[in-house]
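Please prepare a short briefing on the chain shown here, with its overall dimensions, its aromatic pairs and the surroundings of selected residues.

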Amino acid sequence: MMSVHPSAIVHPAAKLGRGVVIGPYSIVGEHVEIGDHTVIGPHVVLTGHTRIGSDNRIFQFCSIGEQPQDKKYAGEPTRLEIGDRNTIREFCTFNCGTTQDAGVTRLGNDNWIMAYVHLAHDCQVGNQTIFANNAQIAGHVQVEDWAILGAYTAVHQFVRIGAHSITAMGTILLQDLPPFVMAAGNPAVPRSINAEGLKRRGFSADAVAAVKRAYKTLYKAGMKLDEARAVIEADSAAVPELALLAGFLAHPGRGIIR
């Protein structure tokens with residue numbers, strides 16, 4: 001059964017699914033849609049053209065779906081889409097997209113978003129990610145599945161963050177972070193691979209060893225990027241997991257960290 005606290009303000013046109021809980025003093029705007037069994041804590045503002053899936057929990061003092069922090073924004077009906085089973089902790093700010101990009105900011109499923117995280121306009125975040133406290137993501141950033149951002153990580157606009165990668169606390173990412181790579185520093189530099197994370201996710205010992213070889217090919221062998229990618233792509237025929245890395249390197253974007 002749906003539960004809306006008497007002090008909450010919910011626009012009559014907002015769409016609330018079954019079992020939704022809206023806490024005290026929260027505000028739900030006209031164009032907001034909330035899926036079944038999502039729990040909204042106290043003092044949360046949900047606004048904009050925002051769609052939230054099922055079984056999410058959004059803690060107190062979050063601002064979700066507000067206008068993008070982009071001076072070019074002129075009030076267009078851009079969107080924010082949040083998937084299912086996400087945990088979004090206190091004081092997070094998620095903005096809608098802009099017409100300069102796809103017009104939508106997306107957060108996928110099963111993500112663990114800690115306090116004070118900023119998800120800027122037009123970001124595309126996959127599934128099963130972890131953003132530690134105060135991770136700050138500028139506009140147009142792409143974050144692939146299973147990535148982990150350490151506390152106080154700051155990410156420049158248009159940067160891509162590969163699947164199964166990880167950053168240390170206080171990392172400043174000015175360029176793309178390839179899949180599987182562990183990064184740290186200001187600016188970020190590659191340190192190793194996320195071996196422990198891969199093991200926890202069921203990667204075989206052979207697959208982890210292949211990722212380590214690919215890392216050495218990319219960062220230790222003195223090859224140009226195109227040469228390293230060709231070697232890794234050839235190796236992916238025997239180790240399919242490497243296709244993630246080869247595909248990422250085929251579209252270098254801002255260039256990878258070095």
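The briefing below moves from the whole chain to single residues.

This is a predicted model, in which local features need pLDDT of at least 70 and side-chain atom pairs count only at pLDDT 80 or more, while totals for chains, interfaces and linings use all residues. Residues are numbered from 1 along each chain as its sequence is written, and side-chain values use heavy atoms, with hydrogens and water left out. The chain contains four helices and 28 strands, where helices (H or I, at least four residues) and strands (E, at least two) are DSSP runs numbered from the N terminus.

**Overall dimensions and surface**

- The radius of gyration is 20 Å, close to the 18 Å that the globule rule gives for 258 residues, so the chain is as compact as a globular protein of that length; the radius is taken over C-alpha atoms, and the rule is 2.2 Å times the number of residues to the power 0.38.
- Along the principal axes, the C-alpha atoms fill a box of roughly 65 × 40 × 30 Å.
- Of the 258 residues, 49% count as buried (buried is under 20% relative accessible area, exposed over 50%, partly exposed in between, with a 1.4 Å probe and protein chains only).
- The accessible surface comes to about 11,900 Å², and carbon and sulfur atoms account for 53% of this surface; areas come from the Shrake-Rupley method with a 1.4 Å probe, and for residues only the protein chains shown count as cover.

**Contacts and charges**

- Among contacts (heavy atoms within 4.5 Å) between residues at least 6 apart in sequence, 32% join residues at least 24 apart.
- The chain carries 23 positive and 23 negative side chains, and the centres of the two sets lie 7 Å apart; Lys and Arg count as positive and Asp and Glu as negative, without His and the chain ends, and each charge is placed at NZ of Lys, CZ of Arg, CG of Asp or CD of Glu.

**Aromatic pairs**

- The count comes to four aromatic pairs, with rings of Phe, Tyr and Trp (its six-membered ring) pairing if their centres lie within 6.5 Å; planes under 30 degrees apart count as stacked, over 60 as edge-to-face and the rest as tilted.
- The Phe61 and Phe91 rings have centres 5.1 Å apart and planes at 10 degrees, so this pair is stacked.
- This pair links distant parts of the chain, 30 residues apart: Phe61 lies in the loop between strands S10 (57-58) and S11 (63-66), and Phe91 in the loop between strands S13 (87-88) and S14 (93-95).
- Phe61 is partly exposed at 41% relative accessibility, and Phe91 is partly exposed at 35%.
- Phe91 also forms a stacked pair with Tyr116, at 4.9 Å centre to centre and 10 degrees between the planes.
- Tyr116, 25 residues from Phe91, is in the loop between strands S16 (112-113) and S17 (118-119) and is partly exposed at 42% relative accessibility.
- Phe61, Phe91 and Tyr116 form one aromatic cluster.

- Phe248 is in helix H4 (residues 242-249) and, at 3% relative accessibility, counts as buried.
- Not counting residues up to four places away in sequence, Phe248 touches residues including Glu144, Arg160, Asp176 and Ile256.
- Asn194 is in the loop between strand S28 (189-193) and helix H1 (195-200), and its relative accessible area of 4% makes it buried.
- Leaving aside neighbours within four places in sequence, Asn194 is in contact with His164, Ser165, Ile166, Phe180, Met182 and Arg201.
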